[in-house]
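Keep the sequence and the 3D view open while you read.

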Amino acid sequence: MLAFVGRRLLTAAIQLVALALIVFFAIRLLPADPVARLAGQDASRESYLSSQHALGLDRPVMVQFGAYIGVLPGSSGLLEGDFGRSWVTGDPISQEIRRTLPITLELITISFVLAFVISVPLGMICALRPGGIADRMTFGYSLFAGSQPEFWWGLLFIFFFFSVLGWAPPPLGRLNPMVTPPPVVTGFITIDSLLAGDGEALWDGLHHLMLPVATKVFVLSGPIVKMVRQNMTRVMTSDYVLYQQASGISPGRIALTALKNALAPTLTLLGILYGYILGGAVLIETVFSLGGIGQYAVSAVLAFDYPAIQAVVLVIAAISLFVYLALDVAHAMLDPRLQG
Amino acid sequence: MPDNAPILAVRGFSVAFGANRAVNDVSFDINPGEIVGLTGDSGSGKSTLGLGLLGLVRAPGRILGGSIAIEGTDLLRLPEAERRARRGRQIGLIVQNPRGSLSPLHTVGQQIRSVLRAHLTITRPQAKLRSVDLLRQLGLNDPERRAQAYPHEISGGMAQRVLIAMAMGAGPRVLIADEPTSGLDVTIQAQFLDELSKVSRQAGSAVLLLTQDLGIIANYCDRVLVMEDGRLVAEDRTAHFFAAPQDRYSRRLLSLAQLSPPPPPKTAETLLAVHGLSKAFLLRGSGKRLQAVDRVDLAIGRGETLGLVGESGSGKTTVGRCLLRLIEPDSGKVMFEGRDLARTPLATLRQLRRRLQIVFQDPLDALDPRWTVGRIVSEALERPSVGRIAELLQLVGLDPSTASLRARGLSAGAQQRVSIARAIAADPALIVLDEPTSALTPLARVGIVTLLRSLQREFGMSYLFISHDLNTVEQLSHRVAVMYLGQVVEVGTREQVFNAPLHPYSRALLAAHLAPDTTDRRIDRAPGAALAGEIPSPVDLPVGCYLASRCPNVQEPCRTTPQDLQYLPDGRAVRCAPAAAL
């Protein structure tokens, strides 16, 4: 198992290095002029040149790359864990990512766990009684939920739960402006407010998460239920389930055995889904003005903020790879055939 | 309930899939302590009946009616919870495909324990002890460790024993065993059936043994039931059944056993001579070598059939493929019509291949699904003509109109006939038959064996007949070679090998062979010449004789001296110095 994880970590490291290379050069192939964007279209030649010099774009590409990686004397770069400074705000990018990333991770991780907790029993019930009421209703729901885009559901939820019913707070960020945010430790408001013992911030944070999470769960559950149901149906018609019946084992125990067998392959698909959701987080963040990494990435792209784009791509890739690995390890622990 | 009342009484039992009655109005009894065999061709409804006796049916089937009285209580009249309590407690099931019947993500110990705990009021630690105990009784070495193994970590034979432990663990009085040994090697099959009959005798339970293998029925069963198209068509005592079968199906099945041996070839000319053939495969990842074929010597005469027997993994198939150079041998000579095939350039070899044909085990895999039968057969013809294709199809017993069909629409037996038609189209001198009957139903097997014999009589080609099924080998072969771990350990005439095998491995193999003959039933005698322990890994072979670790008459030099094939005055050859010296 350790060797497996070690091998995978090594592969992930190589993938990240390759990605850093590709992103760095590919971004410079774009027919874009970040200097003009920053200095303004009407800037004088002198101010253009001084901007160019300030960004370091007057140096040869290989020198820029050296500075980015951090092998040039006197500069710190990727190798030291330094993503550089944003061209737009001038702040260190690692600081900006530390601010925005937890918001997104908090949103999608909570949504994922909730969706999983809801979908697994639901998928199981559907598979155990195929064609039953639960199965038909779930089928209708997943068709309905999956046929319309996420941001649209978000807007509808805001309309009903905020405007009409008034249950949810206004979709204007992560916390009510009147509430003092807890001191930043992890960046996750839920965890930080727990650490600080700040009940008010915790409650308000959760309250603000309610709608975005509900939207995510609503859209995510459809495919997960489908996966669980499909795997479970396959397992329920297997020879070993039949044999357990023939051995007089109780239906509950058989369902548990079947569930373990059905979940193992579902895990791999979840990893893929997680990476996909992470990349598409911007829509829901925008609808609820959460200010997560998705929104940060989009603004970086629109501003041609090269260092920020590079950093966001690397960070998201690293998280996806880590989630894949974690789920593969979980899969291998469930399925002994994958070990060794 | 009186003591002599039947323990299982089935009346008017029917199961339907849609409009098709897979089991149709079946009635029979089984008495305590009895082993009853149920035979019939594939698709006759045996497995559906076996499962149905537990009140279970695969979707979308339905139990239509009838009664299944186990110790006097009709299972079908009970509510589902009561039925479930009786499954495993009163009536147990063993199925084919043992590994598929175990959850791959749970240890075998867990699975045995869950059956025990479902039926007996015992604690977790007691169940644990009991399950290890069961495995020990069933002859598994190191049962504690085996109980912690997952199904993919144990052999098919062991998995089958785990199923017995699950089926018998809660002490049912009725045991249904559905093809319990299909997929097992001959020696393991015999061991398994010995254990099964011993366990059931000890427990005084009744066994219904569902099998296509008449050898098993002859050797283990007291009575025989025959099923055809969902109905019971015959019921008889075993000895009487084999002496004078009553129904059409059984007569046809048993007709083979009554065939006289194939007539000897007309000439004594050698057609193919193999010397020192070797082939090793490099295992990916580990870099280890698997010696699949190890210095094999063989000779086949013109018009002769050499049967090549051995258990799975003994290298039979690799030998067959090396002869045609479908696999490149590492070393050795293959002399065929004056030429060494192992050194013939590939272009010439392609010309020669018409003289050397092969028929594979799975007929459907060997036929192009998009081609018509006519096109498949004509591929081997230099000048294809409708007349010649029709003639070839008739030769293999198919209607000439088959030529316009595609392979998928044919039965497995007919597909194998198409394969044979293709093989004989170019008038070959030798056909390598690689397990040609193993994927077929018993009836189709009878047809193919009869066909191969008549083709040889008519055209005088030679066969290398590769099979693990000793019954078919006996019906086809003039001479027999026995392989073990890539080596030929004994060659001799059919009579020599079948009646008086010399090599300890051949002796064990033949002792485990279940002939469809009730004169010397295995259940009535003490099994002899069994081999101890497990077969060594072909990746890590012993220094001396490969059988030394399992041989009943091993001598000290055997462990260190590699054995050579020694030719004896009576024409046979044996790879065992002590046996040759006798």
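## The model

This is a predicted model. Every value below is computed from it.

## Where chain A meets chain B

Start with the contact between the chains. On one side are 22 residues of chain A, and they are in contact with 28 residues of chain B. The area buried between chain A and chain B is about 2,100 Å². Carbon and sulfur atoms give 62% of that area.

Now look at the pairings. Between chain A and chain B the count is one salt bridge. In a salt bridge, the side chain of B:R58 meets the side chain of A:D239, at 2.9 Å from N to O. Nine residue pairs are in polar contact between chain A and chain B, with both residues at pLDDT 80 or more. On the side of chain A that touches chain B, two or more residues each come from α10 (239-246) and α11 (251-279) of chain A. The largest share comes from α10(A), with seven residues. By class, this side of chain A has nine nonpolar, eight polar and five charged residues.

## Two helices in chain A

Two packed helices are described by the angle between their axes and the distance between the axes. Take helix α13 (residues 293-302) and helix α14 (residues 306-334), both of chain A. Their axes come within 8 Å. They cross at roughly 145 degrees. The crossing of α13(A) and α14(A) is left-handed.

Which residues make the contact? From α13(A) come A:I293, A:Y296, A:A297, A:A300 and A:V301. From α14(A) come A:A308, A:I309 and A:V312. The contact of α13(A) with α14(A) has eight nonpolar residues, no polar residues and no charged residues.

Most residues other than glycine have a negative phi, and most peptide bonds are trans.

Find B:P60 in the loop between α1 (46-52) and β4 (62-70) of chain B. Then move along to B:D427. Where does B:D427 sit? B:D427 is in the loop between α15 (412-425) and β17 (430-434) of chain B.

How values were computed: Residues numbered from 1 in each chain as written. Chains lettered and ligands numbered in written order. Predicted model: local features only at pLDDT ≥ 70, side-chain atom pairs only at ≥ 80, totals over all residues. Heavy atoms only, no water. Axes fitted to C-alpha atoms, helices over the stretch in contact; angles between N-to-C directions. Helix = DSSP H or I, 4+ residues; strand = E, 2+ residues; numbered from the N terminus. Left-handed = near helix turned anticlockwise from the far one by under 90°. Contact = heavy atoms within 4.5 Å. Nonpolar A, V, L, I, M, F, W, Y, C, P; charged D, E, K, R; others polar. Buried area = accessible area lost by both parts, 1.4 Å probe. Salt bridge = Lys/Arg side-chain N within 4 Å of Asp/Glu carboxyl O. Polar contact = N/O pair within 3.5 Å; in protein donor to acceptor, adjacent residues only side chain to side chain.
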